Amino acid sequence: MRYEKIKLVDENGLRIDGRKPDQLRPVKMEVSVLKNADGSAYVEQGNTRVLAAVYGPREVHPKHLTLPDRAILRTRYHMVPYSTDERKSPAPTRREIELSKVIREALESVIFVELYPRTTIDVFIEVIQADAGTRTAGLMAASLALADAGIPMKDLIAAVAIGKVDGTLVLDINQVEDEYGEADMPIAMMPSLGEIVLLQLNGVLSEEEFYEALKLAQKGIAQLYEFEKQALMKKYVEVKVEEV
Amino acid sequence: MSMTPSNQRIVSKLKRSSIVSLIKKGLRVDGRKLDEYREITVIPNYISKAEGSAYAKIGGTLVIAGLKVGVGTPYPDMPNSGVITVNAEFVPFASPTFEPGPPDENAIELARVIDRSIRELHVIDLEKLAVVPGEKVYILWLDIYVFDHDGNLLDTSMLAAITTLLSARIPKAVVKENGRIVELDKEVREPLPIMNKVVTVSVGKVNDKFIVDPNIDEEQVLDCRLAVSLSEDGKIAGMQKMGSGTFTTEEVIEAVKLAKKASKTLFSKINEALKKIEEQ
């Protein structure tokens, strides 16, 4: 991945795509984008594009997988073969298996699973175009899809990946920054409650840098949370007048 | 697809409440302090057929890691670097909840957390493991086997993994026929090009208290945990929130501080074990 050194932050402090260190990529969010699913959402952050859909609460087969006091959660994070520079095999990779797990654990702390004993809530995330930050975009799409499906949650999840490139901490990294940078830290929160539901760090940071990264993340998360609320409200605000 | 596990160990309500109320008072069911590890045993070079190996035991959790070495072609995007592959397996007899079959999401997550920490901190100088740059490089297979599960698999596995790498003696690569053939000479051995040491400390949260090295019963009671990988000079070399609970930002900071403090115990155990084999 790193065969030559490229400059990721220029002398004016701007990033490779012209953003400031604390600037998000352009965001687009929409809910109820699919017909069949009980809830669905589309999230776009720069060139990262993700679809998520929710089915449930619904019956589990085989029955022995159910839990008597709560719903189980089944989650799949998947990247489609044409989402990356080189074709990705459609079979689940070790990375996708790990991410499915951390995303499920993040969602379990948000959903009121005890309201639906002996059922399953199925959450599917498909990355259709990958340009870094796919797990965070996927998690936001999943939380919007759950809200769209009317499943009670403590809060929405807003998430962003912090990176360290050329020694500078930056918000919402893109693919180039991820590949050539020194660290990648995805973080997801319930913004109103101030609770972290997902936190990973891939790379090396000093303790001080980590505290800075947490602060920077919260700034981005606050903005993304507003986009999410707007996307949900838009579903109900638009009034369609039918011709008589 | 990742699914909420339905074959979890069950801890009785009585035991659960005694674990929680003890931790609230700063005590543990097994008499430890909140920031104290269980008894740690590290034995490097445990398997003579492996180029490196280690036996690591924390409390009742037993992990044996082994390193096998070969020569192969490098990845096209890293033509001048050796290759390291980390794999973990939870053998079926290690716990009543483990089943035979390929590594599940827990084993994959554990292996990937360890792999990332080793890679990102440059524990091994992989560029020194190129034999014929662009053509032939050392391939390292680090296999982590969990044989008994008594809680805190990650810290124990990392302890076994890092001790394996630090104590390994790999065969010298001999280049023949203008670099077309590379053979390993098992008679001549040298250590790996080590640049850093790393350990992982899992910090568990129970209400507003934090504990290190949860045992198997405590693991069932935790709200969630944060695994922090640390270098010997205190840099954070990786993190992973595990389990389905949440942390506030203040709690994460507290957990990192506790992990940093507790990492010293692990480093001193590793250094002690390595010193012992050097003296032999």
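In which helix of chain B does B:Ser263 lie? In this predicted model, in which local features need a pLDDT of at least 70, side-chain atom pairs count only at pLDDT 80 or more, and totals for chains, interfaces and linings use all residues, side-chain values rest on heavy atoms, with hydrogens and water left out. Residues are numbered from 1 along each chain as its sequence is written, while chains are lettered from A and ligands numbered from 1 in the order in which they are written.

B:Ser263 belongs to helix α5, which covers residues 249-279 of chain B; helices here are DSSP runs (H or I, at least four residues) numbered from the N terminus. With a relative accessibility of 5%, B:Ser263 counts as buried, a term that stands for under 20% relative accessible area, with exposed meaning over 50% and partly exposed in between (1.4 Å probe, protein chains only). When neighbours within four places in sequence are left aside, B:Ser263 is in contact (heavy atoms within 4.5 Å) with B:Val199, B:Val201 and B:Leu230.

Over all chains, six aromatic pairs are counted, where rings of Phe, Tyr and Trp (its six-membered ring) pair if their centres lie within 6.5 Å, and planes under 30 degrees apart count as stacked, over 60 as edge-to-face and the rest as tilted. The rings of B:Tyr145 and B:Phe147 are stacked, because their centres are 6.2 Å apart and their planes stand at 25°. B:Tyr145 is partly exposed at 26% relative accessible area, and B:Phe147 is likewise partly exposed at 25%; together with B:Phe93, these residues form one aromatic cluster.

Note on methods: Helices (H or I, at least four residues) and strands (E, at least two) are DSSP runs, numbered from the N terminus.
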